[in-house]
Amino acid sequence: MRGVLTGFAAIGAVIAVGYVLGRRAHLGRDGKEVLTRLAFHVATPALLFTTLARADLSVILSERLLVTALSTAAVAAAFVAVGALRGWGAGRTTIGALCSSYVNAGNLGVPIAVYVLGDAALVAPVLLFQQIVMTPLALTVLDLTRPGSGGSVPLWRRLTTPLRNPMAAGSLSGVAVAACGWTVPGPVLAPLTLIGNMSVPAVLLAFGISLRGSALPVRGPERHPVVLSALLKCVVQPLVAWALAAGPFGLHGPALLDVVVTSALPAAQNLFTYATRYRVAEELARESILVSTIASVPVLFAVAALLG
């Protein structure tokens, strides 16, 4: 259980620093926006490139990844269906669907994988799937549905939207390098790695700053989509993953524990970066991440106790 506590303690500490920075205005009135732009346009694309450029793409074909992909698709589709029925709008529904299915496989998943599952590499399939498939798809939807992206935009610009988004471009470039078997020269990789190391702290600090002056979660106008996304993320997704893994895929033992623990991870903090960057559903993203992070603690302990 030390991995669960270590991961949450590290995240909580950095968010708390961000909250203090926000209360004391040490970074000025635009501190959150500056950190968000830094993460979105520079640090996170560099992190994604350096991570995926050295990844083993063979993990994409694993049964564990298929379970993760199917459980992710199931809960995201559930939120999209409710969002369409309730008329929540494309951008808001996209952010909510991400908060319902996009797990914190990086800064929280790695320590949990090390201490609970015994191998940090076990989160690699999820990282690859989220960065190769989910991120480009979701950001393309947000790009095409934001104000000003309508009828006058040529078809070729719409089709090349993922290539012009820095997050998606970083992911796809890293995958291309890995697929070709290239090795990035050290003088090129070193500064990219250094820049990429700013990504997670910048995202967490911006998230902490955003908490200043915020009302308690699940009390504002976004309470219904927040509750829905947190329920899907923390309860439905691990249950679907368990049903698929133990049933059709026949996984058991450590393999079963791996996919269920991974699916029970809370929503990733970088989703707040996407919402802030596109000026859509920021409150929904912030509250969903906060609620799912808190709710996932007992869920992860229960999963580890039952399947471990």
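1. Start with the second largest pocket, which holds about 310 Å³ of space. A pocket here is an open set of points on a 1 Å grid over the protein atoms alone, with protein on both sides within 12 Å along at least five of seven lines, and lining residues have an atom within 4 Å of a point. Grid points are joined across faces, edges and corners, and the volume is the space filled by probe spheres set on the points. Of the 17 lining residues, Ala76, Ala97, Leu98, Leu137 and Ala138 are the closest to the centre of this pocket. Helix H3 (63-86), helix H4 (90-101) and helix H6 (124-145) are the elements that give two or more residues to its lining.

2. A word on what you're looking at: this is a predicted model, where local features need pLDDT of at least 70 and side-chain atom pairs count only at pLDDT 80 or more, while totals for chains, interfaces and linings use all residues. Residues are numbered from 1 along each chain as its sequence is written, and side-chain values use heavy atoms, with hydrogens and water left out.

3. What classes of residue line that second largest pocket? The lining has 13 nonpolar, four polar and no charged residues. For the classes, Ala, Val, Leu, Ile, Met, Phe, Trp, Tyr, Cys and Pro count as nonpolar, Asp, Glu, Lys and Arg as charged, and the others, Gly among them, as polar.

4. Next, the cavities: the structure holds two of 30 Å³ or more. A cavity is a set of grid points where a 1.4 Å probe fits but cannot get out. The second largest cavity has a volume of about 30 Å³, and its lining is made up of Gly109, Ile112, Ala113, Leu117, Val123, Val261, Thr262 and Leu265. Helix H5 (109-117) and H13 each give two or more residues to that lining, with H5 giving the most, four residues. By class, the lining has six nonpolar, two polar and no charged residues.

5. H13 (residues 254-264) deserves a look of its own: 10 of its 11 residues are buried. Buried means under 20% relative accessible area, exposed over 50%, and partly exposed in between (1.4 Å probe, protein chains only). Helices are DSSP runs (H or I, at least four residues), numbered from the N terminus. Among the buried residues of H13 are Asp258, Val261 and Thr262.

6. Of its 54 residues, Ile95, Leu271 and Tyr274 touch the most other members. H13 gives the most to this core, with seven residues. Leu271 touches Leu98, Cys99, Tyr102, Ala285 and Ile289, not counting residues up to four places away in sequence; contact means heavy atoms within 4.5 Å. Apart from this core lies another, of eight residues, among them Leu21, Val203, Leu205 and Ile209.

7. Have a look at the loop between helix H14 (270-278) and helix H15 (282-307), where Arg279 sits. Phi of Arg279 is near 55°, a positive value in a residue other than glycine. Ala281 lies in the loop between H14 and H15 as well, and its phi is also near 55°. Buried or exposed? Arg279 is exposed, at 56% relative accessible area, while Ala281 is buried, at 14%.

Definitions and conventions:
A nonpolar core is a set of buried Ala, Val, Leu, Ile, Met, Phe, Trp, Tyr and Cys residues joined through side-chain atoms within 4.5 Å.
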